[in-house]
Amino acid sequence: MMNLKAQLQLLIDNAPQDGVTPQLVAKIAPVFSEIAQQLHHSQYYILQDLEQSWVLTTLLHRNQSEVEKHVIYAFPTLQDARASSDAGLDPRVVAAPIPVTHILFQLTALEPVDSIVFFETSGDLSSGIEIKRQYLQSLISQQLQRKSQVPPDIA
């Protein structure tokens with residue numbers, strides 16, 4: 001398992017070498033680091049299909065059936081991932097270990113996904129920490145504005 005600094009460096013190194021993206025990833029890396037430090041694990045297991053697409057779960061509001069939310073679950077252990085209903089019943093679903101900062105980075109681009117729920121305690125899939133995509137995008141936007149402010153020219 002990689003530490004957060006190594007994970008972030010890998011994200012930067014694997015960004016498209018187009019002259020812009022690595023610098024952009026480096027600018028927003030503190031956002032991923034800050035959130036990742038609040039979570040308990042450096043990697044989580046994400047359920048994927050055979051094409052490596054993440055398994056999306058649709059949750060319906062208890063009282064308003066027309067209100068739904070699309071989430072991805074991040075499990076603390078392989079056993080927890082396998083114990084989830086999606087993985088246990090479908091042989092085409094596998095659990096892949098993914099560094100926590102990479103999960104957060106992917107969340108920014110996963111259009112249909114509203115949030116990722118990180119389960120922190122092995123064996124307890126009844127509560128987790130939800131990171132909303134909108135919240136993450138808002139933090140990234142703030143970070144980019146902060147970094148792009150140019151000090152006024154005194155001369």
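**Ground rules**

I am working from a predicted model, in which local features need pLDDT of at least 70, side-chain atom pairs count only at pLDDT 80 or more, and totals for chains, interfaces and linings use all residues. Residues are numbered from 1 along each chain as its sequence is written, and side-chain values use heavy atoms, with hydrogens and water left out.

**Overview**

I noted six helices and six strands in the protein. These are DSSP runs numbered from the N terminus: helices are H or I with at least four residues, strands are E with at least two. From the N terminus on, I read the order as α-α-β-β-β-α-α-β-α-β-β-α. The C-alpha trace spans about 65 × 40 × 30 Å along its principal axes. Of the 155 residues, 39% are buried. Buried means under 20% relative accessible area, exposed means over 50%, and partly exposed lies in between (1.4 Å probe, protein chains only). I also checked the contacts with a separation of 6 or more: residues 24 or more positions apart account for 68% of them. A contact means heavy atoms within 4.5 Å.

**Strand β1**

Back to β1, residues 43-48. Six of its six residues are buried, so the strand is largely enclosed by the rest of the structure. I recalled that side chains in a regular strand alternate between the two faces of the sheet. In β1, Gln-43, Tyr-45 and Leu-47 are buried on one side, and Tyr-44, Ile-46 and Gln-48 are buried on the other.

Next I looked at the partners. Ile-46 stands opposite Ala-74 in β3. Strand β4 (residues 94-99) is joined to β1 by six bridges, and these two strands run antiparallel. Leu-47 has Ala-95 as its bridge partner in β4.

I then picked out Gln-48, which sits in β1. Its relative accessible area is 9%, so Gln-48 is buried. Not counting residues up to four places away in sequence, Gln-48 touches Ser-53, Trp-54, Val-55, Arg-92, Val-93, Val-94, Ala-96 and Ile-98.

**Gln-52**

Is Gln-52 buried or exposed? With 60% relative accessibility, Gln-52 counts as exposed. I found this residue in the loop between β1 and β2 (57-60).

**Thr-77**

Thr-77 is in the loop between β3 (68-75) and α3 (78-83). Which side chain makes a polar contact with the side chain of Thr-77? I found Asp-80, at 2.7 Å. A polar contact is a pair of N or O atoms within 3.5 Å; within protein, one must be able to donate a hydrogen and the other to accept it, and residues adjacent in sequence count only if both atoms are side-chain atoms. Leaving aside neighbours within four places in sequence, Thr-77 is in contact with Tyr-45 and Ser-122.

**Asp-114**

Asp-114 is in the loop between α5 and β5 (115-118). At 32% relative accessibility, Asp-114 counts as partly exposed. A polar atom of its side chain lies 2.7 Å from the backbone nitrogen of His-70. Beyond four places in sequence, the contacts of Asp-114 are Glu-68, Lys-69, His-70, Ile-131, Lys-132 and Arg-133. I also took a C-alpha to C-alpha distance: Asp-114 and Glu-130 are 9.8 Å apart in space and 16 residues apart in sequence.

**Helices α1 and α5**

Last, the helix pair. Helix α1 (residues 4-14) packs on helix α5 (residues 100-107) at an angle of about 45°, and their axes are 8 Å apart. Axes are lines fitted to C-alpha atoms, for helices over the stretch in contact, and angles run from 0 to 180 degrees between N-to-C directions. The two helices are therefore oblique to each other. Under 35 degrees would count as roughly parallel, over 145 as roughly antiparallel, 65 to 115 as roughly perpendicular, and the rest as oblique.

From α1, Leu-4, Gln-7, Leu-8, Leu-10 and Leu-11 meet Val-100, Thr-101, His-102 and Phe-105 in α5. I sorted the residues of this contact into six nonpolar, three polar and no charged. Here Ala, Val, Leu, Ile, Met, Phe, Trp, Tyr, Cys and Pro are nonpolar, Asp, Glu, Lys and Arg are charged, and the others, Gly among them, are polar.

Six of the eight residues of α5 are buried, so this helix is largely enclosed by the rest of the structure.

Terms used
Two strands pair if DSSP finds at least two bridges between them.
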